[in-house]
Amino acid sequence: MAKILQNLASSFLVLSIVLSYLIIANAKSQRFTKYLSPATLGLKKEKLSHLHFYFHDIVSGKNPTAVRIARADMTNTSSTGFGMVAMIDDPLTMTPELSSKLVGRAQGFYASASQNDVGLLMTMNFVFMEGKFNGSTLSVLGRNSVFSTVREMPIVGGSGLFRFARGYAQASTHMFDRTTGDAVVEYNVYVFHY
């Protein structure tokens, strides 16, 4: 009887070890994340780039580049336009003139998100169509306090040559037409990327 118990205990021990190994091996193959070296993705040394361009927000005329797509019941009576949402496909040019060289487009939306001052939530991609960054994008998500001299918004990512991008965009109003609502905004973008 002692020999049978000893064999059973040995068998149980071996079976426990094998099952433990299988459970651990399966858990490792089912991992949600793993650490990678940047070189695995072909990433080289990180660079810091400065981009300078003009953003043309055209809300008037036959071909506006910013169109209101939503508003709250109180938007028209709000002193800040609170609740207004506009979709944009704004040209980005080399100089303040709309006729100057097109380097990209700002695509996304902005929304009046403040009841106390004119503060916009900006959610947009800078889609570049010129030079070495042609086909690459930068994503902006932040607050634009429209009447401040200089506004700073974070760069939260990008694509193409701007994969893993981070940085900030500084905006300053170059021209605002109070009659039409059209605006030209100068952007200086500072971005780390690979």
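**Reading a hairpin and a pocket**

Modeller: Let's start with a hairpin: 6 residues link E4 to E5 here. This is a predicted model, in which local features need pLDDT of at least 70 and side-chain atom pairs pLDDT 80 or more, while totals for chains, interfaces and linings use all residues. Residues are numbered from 1 along each chain as its sequence is written, and side-chain values use heavy atoms, with hydrogens and water left out.

Biologist: How many bridges join E4 to E5?

Modeller: Strands are DSSP runs of E, at least two residues long, numbered from the N terminus, and two of them pair if DSSP finds at least two bridges between them. E4 and E5 run antiparallel with 9 bridges, and Arg 105 stands opposite Val 127 in E5.

Biologist: Which residue in E6 is the bridge partner of Met 122?

Modeller: That is Gly 142. E5 and E6 (residues 137–145) are antiparallel, joined by 9 bridges.

Biologist: How much space lies in the largest pocket?

Modeller: Rolling a probe the size of a water molecule over the atoms shows where empty space is left. A pocket is an open set of points on a 1 Å grid over the protein atoms alone, where a 1.4 Å probe fits, with protein on both sides within 12 Å along at least five of seven lines; lining residues have an atom within 4 Å of a point. The volume, the space filled by probe spheres set on points joined across faces, edges and corners, is about 790 Å³ for the largest pocket. Of its 30 lining residues, Met 84, Tyr 110, Leu 120, Phe 176 and Gly 181 are the closest to the centre. E4 (102–112) and E5 (119–128) are among the strands that each supply at least two lining residues.

Technical notes:
Helices (H or I, at least four residues) and strands (E, at least two) are DSSP runs, numbered from the N terminus.
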